Amino acid sequence: MRDHVRSTIAVFLLGVAGTAGAQDAPAARTVPASTSRVRAVLDKQVEAWNRGDLEGFMAGYWNSPDLVFQSGATLTRGWPQTLERYRRLYQAEGKEMGGLRFEELDVQPLSPDAAFVRGRWQLTMKDGSHPGGLFTLLLRRIGGEWKIVHDHTS
């Protein structure tokens, strides 16, 4: 099993590396546009979060049962399940959402329809605390819109 996973990762990385240098001029022009559009999705998420609008925040995610959200030792699959997780952690009685910031964003286009993002999230809570952590995202352009299809947040 491990060898299969390693070989799958190696094939993926070779494929990404092989296509990186082989981009034609139109594909190369999509990279900056893709980067700015991916960042716009994340900016809209921050704005929605800071309004207390979890549904607006979740609009950046792929509304699919195949959405994957990983945090700590927990794996959540599906858009409604991920929304419920956010509600339970940030909107339940006695909970607060705080003010959200994304920092140190590194958007790496993988193709005209896929991008990888690394970054740091930080909340500012009413009590002055600042919980935060790191995240990696995989976004795909689906139906002309960039959507988070995989989120690993720590």
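**Figure 1. Contacts across the chain.** Residues 24 or more positions apart account for 46% of the contacts in the protein with a separation of 6 or more. Contact means heavy atoms within 4.5 Å. The model is predicted: local features need pLDDT of at least 70, side-chain atom pairs count only at pLDDT 80 or more, and totals for chains, interfaces and linings use all residues. Residues are numbered from 1 along each chain as its sequence is written, and side-chain values use heavy atoms, with hydrogens and water left out.

**Figure 2. The elements in sequence order.** The protein has 4 helices and 6 strands. Along the sequence the pattern reads α-α-α-β-β-α-β-β-β-β. Helices (H or I, at least four residues) and strands (E, at least two) are DSSP runs, numbered from the N terminus.

**Figure 3. The open sheet.** The 6 strands line up in the order β2-β1-β6-β5-β4-β3, with mixed pairing. Strands β2 (74–77) and β3 (99–111) stand at the edges with a single partner strand each, so one side of each has no neighbour in the sheet. From one strand to the next, the twist averages 25 degrees. Its angles run from 0 to 180 degrees between N-to-C directions, with axes as lines fitted to C-alpha atoms.

**Figure 4. Where β1 meets β6.** Strand β1 pairs with β6 (residues 145–153) in the parallel sense over 4 bridges. Two strands pair if DSSP finds at least two bridges between them. Val 68 has His 150 in β6 as its bridge partner.

**Figure 5. Rings around Tyr 86.** The structure holds 9 aromatic pairs. Rings of Phe, Tyr and Trp (its six-membered ring) pair if their centres lie within 6.5 Å; planes under 30 degrees apart count as stacked, over 60 as edge-to-face and the rest as tilted. The Tyr 61 and Tyr 86 rings have centres 6.5 Å apart and planes at 50 degrees, so this pair is tilted. Phe 69 and Tyr 86 have ring centres 5.6 Å apart and planes at 70 degrees, so their pair is edge-to-face. This second pair links strand β1 to helix α4, 17 residues apart. Phe 69 is buried at 2% relative accessible area, and Tyr 86 is buried at 7%. Buried means under 20% relative accessible area (1.4 Å probe, protein chains only). Ring pairs join Trp 49, Phe 57, Tyr 61, Phe 69, Tyr 86 and Tyr 90 into a cluster.

**Figure 6. A charge over a ring.** The charged end of Arg 140 sits over the ring of Trp 62, 5.9 Å from its centre. Such a charge has NZ of Lys or CZ of Arg within 6 Å of the ring centre and within 35 degrees of the ring normal.

Technical notes. Buried < 20%, exposed > 50% of the residue type's maximum accessible area, 1.4 Å probe, protein only.
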